[in-house]
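Reader: I am new to this structure. Please take me through some of the terms used for it and show how each one is applied.

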Amino acid sequence: MDSNKITAAIFSTNYSSTERIRSNLKEINLISDLITVSAKDLGQENLIISDQPFSGETIRKAIEKIPTRYAMFIIGSQTIELNRQGVDKFILEAQKLDTGLVYSDYYEMEGRKNIYHSVIDYQIGSIRDDFDFGLCFLINADLAKKCLPDLISDNNKLNYSGLYDLRLTISRKSIMVRIPEPLYTAQAREESSASEKMFEYVDPKNRQVQIEMEQVATHHLKEIGAYINASNKRSVSFENNFNYEASVVIPVKNRVNTIGDAIRSALTQKTQFSFNVIIVDNHSDDGTTKKIKNISTEDKRVIHIIPESYDLEIGGCWNEAIGYPECGKFAVQLDSDDLYSHENTLQKIVNKFYDEKCAMVIASYMLTDLNLKEVPPGIIDHREWTDENGHNNALRINGLGAPRAFYTPIIREIKFPNVSYGEDYAVALAISSQHKVGRIYEPVYLCRRWEGNTDASLSIEKLNENNFYKDSLRTKEIKLRQELNRNEI
């Protein structure tokens with residue numbers, strides 16, 4: 001067998017695309033063997049018939065069938081076109097560093113126009129199951145075969161997460177390399193809306209998929225020494241030297257049409273304790289400042305802070321609020337365009353702190369439009385969180401729920417990163433590694449989605465920036481947890 005020849009394995013979820021991909025690959029003489037994974041018999045050689053193309057069993061069969069040192073895995077959900085030069089670059093990169101997995105940027109063809117689709121570099125924290133490797137990537141098949149005994153699917157039946165299991169295992173034994181240039185072209189497909197994609201993983205119909213993905217991620221964290229046992233986490237002893245039991249924290253910039261509703265939602269809370277509302281107005285210039293000032297004049301519970309600094313993001317605004325002398329014992333989130341769903345939300349959150357002696361509380365919310373009409377997928381309760389493993393599974397998923405509330409002395413120690421994306425995720429990871437996190441699974445919050453506050457129109461560059469940042473948070477947290485575990489030995 002020519003050492004430069006490779007196998008191509010197509011995981012078919014679209015039969016017409018599969019035929020076109022096979023036709024294209026047959027013209028590339030660097031590809032000596034073709035394996036197709038399909039739910040139906042396509043009358044081809046080297047066919048693996050499976051209703052679950054990414055199950056542990058299917059992935060194992062595909063790896064065992066590969067006769068060459070390297071194999072190109074192709075996600076056959078849409079048509080892609082490769083050429084010899086692109087395949088050659090994949091192979092050369094793999095040989096250069098003896099890499100476990102190589103992936104690249106690519107073009108997406110919309111009509112007659114090619115749109116550049118960049119992907120991001122892999123890092124230790126890139127353990128989320130939706131990491132974008134593109135639609136084809138090269139694996140070191142020899143290494144993959146050596147990985148087979150280490151797969152969680154060797155002892156567990158995985159229907160959906162066999163490929164996820166494989167790539168995490170490869171990442172523990174070798175490097176993952178991105179080639180920052182487009183080496184193939186994909187036919188664009190109709191995408192689900194950004195809102196749908198954002199909440200796919202909390203959709204109840206995907207629950208079994210999520211359970212599997214959590215098993216795989218947890219196994220990986222144990223293998224790399226970053227798993228935190230729930231029994232090691234500390235309960236909180238609450239101090240009583242606060243003038244207010246709680247503070248509702250509202251960072252805001254230019255939300256003149258919604259800030260009034262948010263403040264009224266906070267002020268109408270019925271509680272058995274005293275609370276205030278701390279609004280950090282980040283130099284609004286659309287009338288928001290005047291509206292806050294008018295309300296604060298009428299109700300002394302409203303504290304209106306305009307920071308001296310002009311370089312604050314949402315995280316920096318939170319730091320202003322929690323550092324304020326009159327911040328309460330518990331700092332409770334309310335975004336400037338959202339509402340508490342009923343008058344008992346604040347009391348429920350504070351009760352949860354005392355019931356579980358936790359450092360953070362995360363509740364559940366309902367998605368609505370500006371008129372408070374429920375929009376799909378409706379209630380977001382993040383039931384994938386469990387007391388036993390939520391703090392580990394948090395490293396796999398992209399969000400943890402809302403509203404979020406913090407025991408003020410602990411969040412003052414940790415502080416928020418001065419960013420406007422992922423700031424809440426960063427502190428949740430930091431808290432959950434060492435402290436209990438309480439969960440409320442009934443919706444107590446209305447998250448209002450509208451054109452001015454959704455992620456529907458984010459460019460691929462911005463999405464990549466966001467994803468890379470959260471992966472970097474995971475990288476930092478994994479290293480801290482590894483160090484924490486080493487110190488406990």
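Author: Start with Asp 129, which counts as partly exposed at 27% relative accessibility. This is a predicted model, in which local features need pLDDT of at least 70 and side-chain atom pairs count only at pLDDT 80 or more, while totals for chains, interfaces and linings use all residues. Residues are numbered from 1 along each chain as its sequence is written, and side-chain values use heavy atoms, with hydrogens and water left out.

Reader: Why is Asp 129 called partly exposed?

Author: Buried means under 20% relative accessible area, exposed means over 50%, and partly exposed is in between (1.4 Å probe, protein chains only). Asp 129 has 27%, so the residue is partly exposed.

Reader: What makes the contact between Asp 129 and Arg 396 a salt bridge?

Author: A salt bridge needs a side-chain nitrogen of Lys or Arg within 4 Å of a carboxyl oxygen of Asp or Glu. The N to O distance for Asp 129 and Arg 396 is 2.5 Å, so the pair meets that definition. Asp 129 lies in the loop between β7 and β8 (136–140), and Arg 396 in the loop between α12 (390–393) and β17 (404–407), so the pair ties together parts that are 267 residues apart in sequence. Helices (H or I, at least four residues) and strands (E, at least two) are DSSP runs, numbered from the N terminus.

Reader: Is Arg 396 buried or exposed?

Author: Arg 396 has 2% relative accessibility, so this residue counts as buried.

Reader: How do you know that Arg 474 and Asp 471 form a salt bridge, and where do they lie?

Author: Their side chains meet at 2.7 Å, N to O. Both belong to helix α15 (residues 460–488); being three residues apart, they are separated by about one helical turn. Arg 474 is buried, with a relative accessible area of 0%, and for Asp 471 the value is 0%, so that residue is buried too. Salt bridges that share partners join Arg 128, Asp 130, Asp 471 and Arg 474 into one network.

Reader: Why are β6 and β7 called paired strands?

Author: Two strands pair if DSSP finds at least two bridges between them. Strand β6 (residues 101–110) and strand β7 (residues 113–117) have five bridges, in the antiparallel sense, so they pair. Among the residues involved, Tyr 106 has His 117 in β7 as its bridge partner. The two strands form a hairpin with two residues between them, and Gly 111 in the turn has a positive phi of about 65°.
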